[in-house]
Amino acid sequence: MAGVPVTAVPWWKEAVFYQIYPRSFADTDGDGVGDLAGIRAHLNDLAWLGVDALWISPFFRSPMADFGYDVSDYCDVDPLFGDLAGFDSLVADAHALGLRVVIDWVPNHTSVEHPWFVDAASSRDSGHRNWYVWRDPSPDGSPPNNWVAAFDLTAAAWTFHEPTGQWYLHLFEEAQPDLNWDEPAVVEAMHDTLRFWLDRGVDGFRADVVHGIGKDPALPDDPPEEAGIPHCALNDVPVTHERLRAIRRLIDAYPGERMMVGEVFLLSTDAVATYYGHDDELHLAFNFPPLFAPWLADRWTACIDDAERSLEPRGAWPTWVLSNHDNPRHRTRYDRSAARAGEDPATILRRSEARARAAAVLLLTLRGTPFVYQGDELGLVDADIPADRQVDPGGRDGCRAPLPWDGSDDHGWPTAPGTTTWLPLAPEADIRNRVAQRDDPRSVLHLYRRAIATRRATPELVLGSCTPVASPEGTLAFRRVLGDATCTVLVNFGGDPVDTTPLGLAGLEVLLVSDDPAPVARFSGVLGADQAVVVRH
Ligand code: NOJ
């Protein structure tokens, strides 16, 4: 990998990741759905932004019941997105630019159209029957237990399969049957899918609901006090750790520091922390509380404290994420919280952008690996999708709206006659497109670029310790220290300026300000409304 530097610290600790949701990133064939060639065509834009690694959401063969998270062939590219040769070219070009490539791996479930499930469903005696989780009906004909599926919280995590007279388990949609990892052949086959992509040169995997690969073999009911919580948020059993250790050994046996970041969708950071094992399970795990936290200093303080308290003693490396393809974008969430405060629409827009900017500085200066979701670097909000264009069973279309590239009528998404983009484009596309923002040093895009560059030039912001600093109410401050180098990050979560001079930071060199492309050289001690500032001691 010509352009990729080798350092003593694993690259994934220092890297800024950029999540690509391929359907909505960039389209090259005019079918209104993004493709791998579209990603390849924009690699220079991502290198310009300064990110180090791409996580590409699923592009494998799939009937698209869950837009690719229902895989029917783990080892091929869906024709909608391109082909294997196109993927190889994408990896080669990315590596030449120094960009790592991490792909999504969906080990908890397949599509109902995967040949394994087709065979499993063909008869109770089929060779693949035990590759999925089948149970006889209860005496009263009800599902085998009370587990609830994701998305529709009134739906059982089981579907009755009439032809063979048994229920099959699916923690997600009916079209996504859970694999049975108790079956050794499943483990071997899924390990082979990892080898297939590792052999093709990927740098790692984002593992989808990876805590689902172990289930209590007795499949006991969830406790009544957890009623209404999808089972995927509760499934936490010891055998999963053993399975993750085997996966870790497989990955670490490859040269070039391959890695896995797991989606462990459990409710507590303490529980998630256990999935790092003793540096022998996941390399990284997503930490979701900040993604659900409102724009409030005390909530963010708690998120940061929790992450440090749970992960630091294990030597586990934190991750930070503001948005992804499953949740409203953070600027939209902060809009909503501003709206609840009774502000007028223009103020809400201005403030939510200020908040999103300050959040970007936070994301890129906390101790841990940051993940930027495509479009956050433009300050996008969710699209309001009309009822007749909604397509996602989980109601997540808004954050998946295609990315505006330029100020032209189609914003870089020309479609063939009679075709339209698979979802309406993200809002405010005239100003929130890459070309417009690239020409404007005050834009959110330039803020992300500056913040990433500042991070890269300031080792204490990457590898330094992180210690909270007492700060005035409604603000948050923390110190990053590495050797003799110290920076302090200050964030104001409120709509009024705050005097922080009692902290003794006035006069220090300013490295980064969330709302100003040319920060004043010395900190005045006053934090602006919804502003983040990084100072060097
Ligand atoms: C988590 C993924 O991020 C989400 O998009 C998907 O629907 C579920 N896992 C099921 O694969």
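## Cysteines

Cys466 is buried, with a relative accessible area of 13%; buried means under 20% relative accessible area, exposed over 50%, and partly exposed in between, with a 1.4 Å probe and protein chains only. The model is a predicted one, in which local features need pLDDT of at least 70 and side-chain atom pairs count only at pLDDT 80 or more, while totals for chains, interfaces and linings use all residues. Residues are numbered from 1 along each chain as its sequence is written, and side-chain values use heavy atoms, with hydrogens and water left out.

Cys232 is also buried, at a relative accessible area of 5%. How many disulfides does a search of the whole structure find? The search finds zero, where a disulfide is a pair of cysteine sulfur atoms within 2.5 Å. For Cys232, the closest cysteine sulfur belongs to Cys399 and is 16 Å away, which is too far for a bond. Cys466 is in no disulfide either, and the nearest cysteine sulfur, in Cys487, is 12 Å away.

Helices (H or I, at least four residues) and strands (E, at least two) are DSSP runs, numbered from the N terminus. Two strands pair if DSSP finds at least two bridges between them.

Strand β16, residues 485-492, pairs with β20 in the antiparallel sense over five bridges. Strand β18, residues 509-513, also pairs with β20 in the antiparallel sense, over four bridges. Val513 has Val533 in β20 as its bridge partner. Strand β20 itself covers residues 532-536, and because four of its five residues are buried, it is largely enclosed by the rest of the structure.

## Around the ligand

Which residues come nearest to the ligand? Of the 13 residues around the ligand, these are Asp66, His109, Asp208, His325 and Asp326; a residue is near a molecule or strand if one of its heavy atoms lies within 4 Å of it. By class, the shell holds seven charged, three polar and three nonpolar residues. Ala, Val, Leu, Ile, Met, Phe, Trp, Tyr, Cys and Pro count as nonpolar, Asp, Glu, Lys and Arg as charged, and the others, Gly among them, as polar.

An N or O atom in the side chain of Asp208 is 2.7 Å from an oxygen atom of the ligand. For His109, a polar side-chain atom lies 2.9 Å from a ligand oxygen atom, and for Arg206 the distance is 3.0 Å. The protein covers 98% of the 300 Å² of accessible area that the ligand has on its own; accessible areas come from the Shrake-Rupley method with a 1.4 Å probe, and for residues only the protein chains shown count as cover.

Definitions and conventions: A polar contact is a pair of N or O atoms within 3.5 Å; within protein, one must be able to donate a hydrogen and the other to accept it, and residues adjacent in sequence count only if both atoms are side-chain atoms.
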